[in-house]
Amino acid sequence: MLRMTLAACLSVLGLAPTLGAAQVTEFTLENGMQAVVIEDHRAPAVVHMLWYRAGAADEPPGSSGIAHFLEHLMFKATETLESGEFSETVEANGGSDNAFTSWDYTGYFQRVAADRLGLMMQMEADRMRNLRLTDADIATERSVVLEERAQRTDSNPGALFSEQMRASLYLNHPYRIPIVGWRHEMEALDRADVFDFYEQNYSPDNAILVVAGDVTPEEVEALARQYYGPLEPSGIAPRARPSEPPSIADRRVYYEDPRVSDPYVVRNYLAPERDPGDQRTAAALTLLSNVLGGSGATSVLPRVLQVEEERALYASTSYGGMNLDDTVFSIFNVPVPGVSLEEAEADMDRVIAQFLEDGIDPEQFERIKFQWAAEQVYMQDNAAQLARTYGAALTSGLTVADVQEWPDIIASITPEEVMEAARMIFSDTRSVTGYLTAPEDE
């Protein structure tokens, strides 16, 4: 059978030119606000996103959950808007809005007709500086986030297990703290905590504006100068976080919960993130995750454990390099009934050891890189996803150039680089291994 290189396949399918199809422009206002414009003129709509370099890993000690709590409260009253009027106005103009919090950022977005962009900036600039909260607002919304924790975490043994795993992996870094917060600290959050975090982090020099859609850079810059430009900067210093000490011991977590129906084993490794101007190791780890666990039919772990040996219900890996600081490389194995977690862990180790000895199948490697490149092409059709990619990257310390170079870096990674990354993770890195299971008497 005729074999084609990745570049040749992309050329034949017309994918290579599309990887850089989006026209991206950036500028910075005098008050320090960074802005990115992604042009997409296929529909008269626009996505307006405002990102703050403030997430769960930037919270003061003892106030876990405050970043997420403030995200909820930002939809309350300002000097010019009543509580809830922000979202009501977006909806009245035919749009939709929402927000999200991660460890490294908090983001707010609206999708509206392009001619409503100025109104979105006006309202977003207003709540950046003029939030007004009552004690009743605090009490009501605190109950909401506590209920959110109850539904998404406390009632989910897998989520509780993941919290414990993360808290064991990071010994010193605030990534060990859940985004939603620890319940006992969430219950004590008050109005003073909220405004301290708001005033310390919500300012133009700590924000990134991302606009994607039927706009021009000139239009966006003019509107940004009109609405965001008058806001005074706060002189926020670059983020400084505690670093991880050298890891000198592997750790284990055992969590039993009667609600567990399918026990499983997980192993987490600390792994390098994507750094500005230095993304090759992260690219190799991205491809390693795909080679080992990206596809249930062809990747190494599921092919061996699920298909060939039928000893696993599900086996996979995960890696996300979009972090400001060290991230996590994970391996999962959910064994079939009758296979113990000890055996499942041994199976996982056996397959990894064989992979380190055998190396990568060249055909599988080219196929995975081609599939990854194709996914990047399809992403160009989603303005909101593009905006989110740039916002997450910039708030995680990367640059616009890093985002644009990422596909080419992935395409240039060699099998040798992937195997070097695998040996680094599996041979030289301490880990946390966890068992999630039901009590024996259950």
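This is a predicted model: local features need pLDDT of at least 70, side-chain atom pairs count only at pLDDT 80 or more; totals for chains, interfaces and linings use all residues.
Me: Why is T389 called buried?
Reply: Buried means under 20% relative accessible area, exposed means over 50%, and partly exposed lies in between, with a 1.4 Å probe and protein chains only. T389 has a relative accessible area of 17%, and is therefore buried. This residue is found in helix 14; helices (H or I, at least four residues) and strands (E, at least two) are DSSP runs numbered from the N terminus.

Me: Which residues is T389 in contact with, leaving aside its neighbours within four places in sequence?
Reply: T389 is in contact with M322, M379 and V403, where contact means heavy atoms within 4.5 Å.

Me: Why is E310 called exposed?
Reply: The relative accessible area of E310 is 57%, which is over 50%, so the residue is exposed. E310 lies in the loop between helix 11 (300–308) and strand 9. Its phi is near 55°, a positive value in a residue other than glycine.

Me: What makes R280 partly exposed?
Reply: R280 has 34% relative accessibility, a value between the limits of 20% and 50%, so it counts as partly exposed. R280 lies in helix 10 and, neighbours within four places in sequence aside, touches I409, S412, I413 and E417. Its C-alpha atom is separated by 27 Å from that of A297, 17 residues apart along the chain.

Me: How do you know that strand 1 and strand 2 pair?
Reply: Two strands pair if DSSP finds at least two bridges between them. Strand 1 and strand 2 (residues 34–39) are joined by 6 bridges in the antiparallel sense, and therefore they pair. T28 stands opposite Q34 in strand 2.

Me: In the open sheet of 6 strands, what is the order, and why is one side of strand 1 and of strand 4 left without a neighbour?
Reply: The order is 1-2-6-3-5-4, with mixed pairing. Strand 1 (23–28) and strand 4 (96–101) stand at the edges, each with a single partner strand, so one side of each has no neighbour in the sheet. The twist averages 15° from one strand to the next; axes are lines fitted to C-alpha atoms, for helices over the stretch in contact, and angles run from 0 to 180 degrees between N-to-C directions.

Me: Which strands of this sheet does helix 14 touch?
Reply: Helix 14 (residues 383–395) packs on the sheet and touches strand 1, strand 2, strand 3 (45–52), strand 4, strand 5 (106–113) and strand 6 (207–213). The direction of helix 14 makes about 20° with that of strand 3.

Me: What do strand 4 and strand 5 form?
Reply: They form a hairpin with 4 residues between them. Their antiparallel pairing has 6 bridges, and in strand 5 the bridge partner of F100 is G107.

Me: How do you know that strand 8 and strand 10 pair?
Reply: These antiparallel strands are joined by 7 bridges, against a requirement of at least two, so they pair. In strand 10, the bridge partner of R267 is I331.

Me: What makes a region a pocket, and what volume has the largest pocket?
Reply: On a 1 Å grid over the protein atoms alone, a pocket is an open set of points where a 1.4 Å probe fits, with protein on both sides within 12 Å along at least five of seven lines; lining residues have an atom within 4 Å of a point. The largest pocket has a volume of about 880 Å³, where grid points are joined across faces, edges and corners and the volume is the space filled by probe spheres set on the points.

Me: Which residues lie nearest the centre of the largest pocket?
Reply: Of its 37 lining residues, R274, W372, Q376, M379 and W406 lie nearest the centre. Helix 13 gives the largest share of the lining, 7 residues.

How values were computed:
Residues are numbered from 1 along each chain as its sequence is written. Side-chain values use heavy atoms; hydrogens and water are left out.
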